Each structure stands twice: as structure tokens, then as C-alpha cells.
Amino acid sequence: MAAAVAAAALAASASSLGNGFTYDDVHLIQRPARLHTMDGWWRDFVHTYWPEDAGGDGYRPLTIIAYRIEWALGGGSPLPFHIANVSLHVAGAVAVFWLGTAVLPLAAAWIAALLYAVHPVHVEAIANVVGQSELAVAFLTALSMAVYLHGRLAGPVSKARWAGIFALYATALLFKEHAIVLPALILLAELTVVRDPATLWRRAMTLRPALLGLTLVAVVYVWTRSAVVVEGLSGFKPFVVFQALELSTPQRVLTMVGVSIEWVRLFLWPARLMTEYAPPYLEVAQGVSASLLPGALVLVGTLGLAIASWKRSPATTFGIGWLVLMLLPASNFLIPAGFIIAERTLLSPSIGVMIALASAVQAIYARIELNAAARKVAALAVVILVGLGLWRSHTRNTAWRNNDTLFRQGVLDAPDSYRAHFMLGVHLFEGGNKAEGERHYREALALFPYDPLMALALAEQYRRAGLCQPAIPLYRAMYSIVPDASSGHLGFAICLLETFQLAEARSQALEGIRSGASVKSAREIIAAAKEAGDSLAARAARGDTVAISLRAAPPKP
């Protein structure tokens, strides 16, 4: 049965092996020179996940070291990276099966693992190389819990098992931060699927040393991570939409209440997948409204189902609890994340969903046990679901073949997501297709005009093309959204200079100096503005024009 699960996972993911480096892969793996050598690999334990020039966010040293090894193995070919991703997915599906056998009957555990193996929402984590950290954590967490539960259901957990769990936990944390919830998963298991005649207090006292040890591992990890990363508790800059709209914590939480209906769709019927979940496709809540009701009902209903199943179907409660705990770190409910929804972050939570669904299948099958026709229909339904998942995953993998395929597919998947158009516009400009790129930039601005990075990006494209007239309103729009923005001042100053708005050009050049831009370039702009002003004053009577030139190359954005 484990072999069948592995085969299903391989079949669902194998079409990703021909993919190249796409999206974040390019900026995180393909371009940074530090990943192209094994020299100094130990420094990754005191280095951020993203390079400093790309934000300096996150802390995932083992993920970076794995990328170094894979680069060395393939000489820069993407194939070893994709082989690693597929292998981790296959191993993860088998680990889910083993975990399932500790909380479900064998057949139900098999169904849970098969559904997990072919689930289309996992494609982003598998087909995009940077999903490797997600795959590693899903595998290591499922394996840790399987080791714990199989030992615990036979009696007290042995020291050898605890040692293995500690090692797996520390390793998972160094791949990605959301593995930190493992101690909570152990407590969840004790409250649901573990059957022990001892009182809860006695069980807590027995577990206390091990749980304190796991907590110590987590504390050391958080302390180390906070010493390396400066972006607060999350370790990443909040999603640009949250910053641009200055969402308060209640508004962010309300936004996610409304978005929760999208999670349900992705877990239960992921026919429509996309790379960019953003406004106006997703509504950003400014307060309580009727549009939040479906999401609120989903959250309340899920919580109610978990409570109602506690005694009658512990595996259902365990699955729902797993979903909640694994989803929380990236859910935006506790701390702001760098996105509203990202499909790759649903990989580990989906383990709980599949366990809960398989427990329901088990209950349904028990009710129709004596009805042969109904049993055949139920079995056929499972086969159809697995087949559909396999087909959708297999075909979706190719959307991640390269950036041109991915970003064009992104607009087809979500024509009402501003970031889908924005990312395609960026890609088109990089490829020299400026006319089509401008069209998608403009479409993105029409859909959501509040992203300062997008306004700045298009303004810089116009400036580099010598079109300062359309660039200036975009610079102004950016600073109206983020008055204290540190980027773009010198580009804005150049365009102001070229349009003879000399006083404001000097002001923006000074702002550039205060924001850390090139002092040399800023001084040249100031000098050119002064020269132009003096020339204008001297020649105003004769009506002469003034030619302005910068003695240095325009500043880079």
C-alpha cells in the first residue's frame, strides 16, 4: 500500500522534472553567487534566507545549503532541484500514510495518503524549486508525528524515539519556521487520538520533560533567527497591500475571515489554481460587512465540527486541529505575512484536511457496510477523486515550466488579480516587450492603484525610456501612498530636472541623499539644476532654451 502511495505521488509530480527556474527561483537561486559554490556553506547559519539586495528576509539555513548541494550536483541545471522536490513529495506522501495508520483504519489511512499524494494545491510547492522548504517541513513533521504516535499508542515513548523526534524537529525548523508548531501537535494528539487510562495531569507530567526540551529547541531557534533577521517576529516584510492600505490588525483579521472561504475551495475542490491571490479578486476588509459572512460561517462551522467530533471521531478533531495549527503561522491571523494566500503554504495544513476527510469516508463506509452497491459507488468516488487529482496535478505542473509560461498563465487564471498583471508586466519589460508590458502595468494599476512598488516600477521604466512626462505622475502617486518611501528619489529628481521643475528636483535629490542613495549622483542633479536655473535667469530676456545634461549615468532603481 505504501508503494501505491509513492507511485501516485510520483505520477502526480513527475511532469515537473522538465521545469526550469521560475519566479522566486531566479532571484533566490539562479542569480546569487553565494549559492553557486560550497565555499563558506557554514555561514548560512548566520545569514538570511533572501540575499540582502533582495530584501534580506527569512532564516532557512538548511534550505540554502540544500540549494548549494543541488547546484553543485547539476552544475547549475534545474534538474537536481526538481528531482529533490519530487523525492521529498514522494517521501512526504509515504510519511502521511504511516502517520495515518496511527489514527485511522488501514484503508482510511491509505485514502488519506493517496488524496494527499495527488492533491493539485501542492503543485506550487513541488513544481517551483523554492517550495522545497515546504516539502521538507511537511515530510519531517509528518514523520515526527508518526514516530511519536506509533510509539505512544504502544505505551510511553522511548528515549530513542524522543531523540529521533528532537533531531527531526531541529532539522525541520532550519528548513522553514512553521515547523515550530510540532509541540502543539503532540499536545493535540494527546487530547484526541491517544487513548490512555491515566489522568490528563499524570500524562502531562510524564510528557513535561520532553515538551520542555522541545520548547527549549524552539526558543534557541527563535533567538538565533531574531539575531540574524530584523523583520520582527514573522521574519518577512508584510504583504505590500497590507502596508499600502495601512491595515490595522482588526482589518487584517477581518480580511482573512473573508478569505477563509478560498481556503475551503482550495482544500476541497482546487480546480482553479493561481499564482497571485490579490485584490480585487480577494476583498480587503475595511470593516465588518455582509461579504464576510460566508467566511465567518466556515470558521465557526469548522470549529464546531472539531468540538462535536472530539468524542465520536477523534481522528476528525485531530485532522482539523492539525489544519489549524499548521495554517496559523502563515494565515495572517496572528502576524502579517508576505502574501494573503500562497498555495505552497497549504501543503502541510492539507495533511490534516486529508486525515479529517478520510475519517469521514471511514464513517460513511461503516454505515453502508451491508449495502454492496453503495460500497462500490463509494469506492468508485474515491477512485475518481484520485484520478482527477492526478490529472490536474500532472497538467498544472507545466504551468511552472518557465517564467513566460507562468506569468501568462497567471493572467489567464486570475484576470481580476492586479498582481497577476503586474508580474507579467515586469517579465515582459525584462524581455524587451515594452508595449505589452506597459499594457499589463496599466491594467494592474486600474485594478488596484494602491501598490507603491508597482507605481515606482512603471515610473522607472518610463524614465529609462526617456518618457518623463508619464513617469512623474507615477512617482507622485507612489509618494502619496508612502510619503516616507526611501526608493525612487533620484529617478524622480532626474525627470523633474528634465521637465524644468528645478526646485523640486533639488528637493528630491536631497531626499535621495537622506534615504541612502548615491551622494555623487544626487550632487550632480543638484549642480545641473543650479546650472539650469542660472542659465534660465540669464537668458530669460532673450527667450533662449536651456539644454540640461547629467555628467554621470542616471541612478539605478
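Here are some friendly notes on this predicted model, point by point.

1. Ground rules. Residues are numbered from 1 along each chain as its sequence is written, and side-chain values use heavy atoms, with hydrogens and water left out. Because the model is predicted, local features need pLDDT of at least 70 and side-chain atom pairs count only at pLDDT 80 or more, while totals for chains, interfaces and linings use all residues.

2. Overall fold. You will find 24 helices and zero strands in the chain; these are DSSP runs numbered from the N terminus (helices are H or I, at least four residues; strands are E, at least two). The C-alpha trace spans about 105 × 50 × 50 Å along its principal axes.

3. Radius of gyration. Why does the chain's 27 Å agree with a compact globule? A compact globule of 557 residues would have a value near 24 Å, so the two agree. The radius is taken over C-alpha atoms, and the globule rule is 2.2 Å times the number of residues to the power 0.38.

4. Of the 557 residues, 52% count as buried, meaning under 20% relative accessible area; exposed means over 50%, and partly exposed is in between (1.4 Å probe, protein chains only). Among contacts (heavy atoms within 4.5 Å) with a separation of 6 or more, 72% come from residues 24 or more positions apart.

5. The nonpolar cores. A nonpolar core here is a set of buried Ala, Val, Leu, Ile, Met, Phe, Trp, Tyr and Cys residues joined through side-chain atoms within 4.5 Å. The largest has 141 residues, and those touching the most other members are Leu99, Leu104, Met145, Leu149, Trp162, Phe318 and Ile351. Helix α7 (residues 132–152) gives the most to this core, with 12 residues. Another core, of 13 residues, lies apart from it and includes Leu28, Leu35, Tyr49 and Val129.

6. A look at Leu149. Leaving aside residues up to four places away in sequence, leucine 149 touches Leu99, Ala102, Val103, Ala189, Val193, Val194 and Phe318.

7. A cis peptide bond. Proline 279 and proline 280 are joined by a cis peptide bond, with omega about -5 degrees. Proline 280 sits in the loop between α12 (249–268) and α13 (293–312).

8. Two positive phi values. Tyrosine 23, in the loop between α1 (2–13) and α2 (24–30), has phi near 50 degrees, a positive value in a residue other than glycine. Phenylalanine 500, in the loop between α22 (489–498) and α23 (502–514), has phi near 65 degrees, also positive. Buried or partly exposed, which is each? Tyrosine 23 is buried at 15% relative accessible area, whereas phenylalanine 500 counts as partly exposed at 37%.
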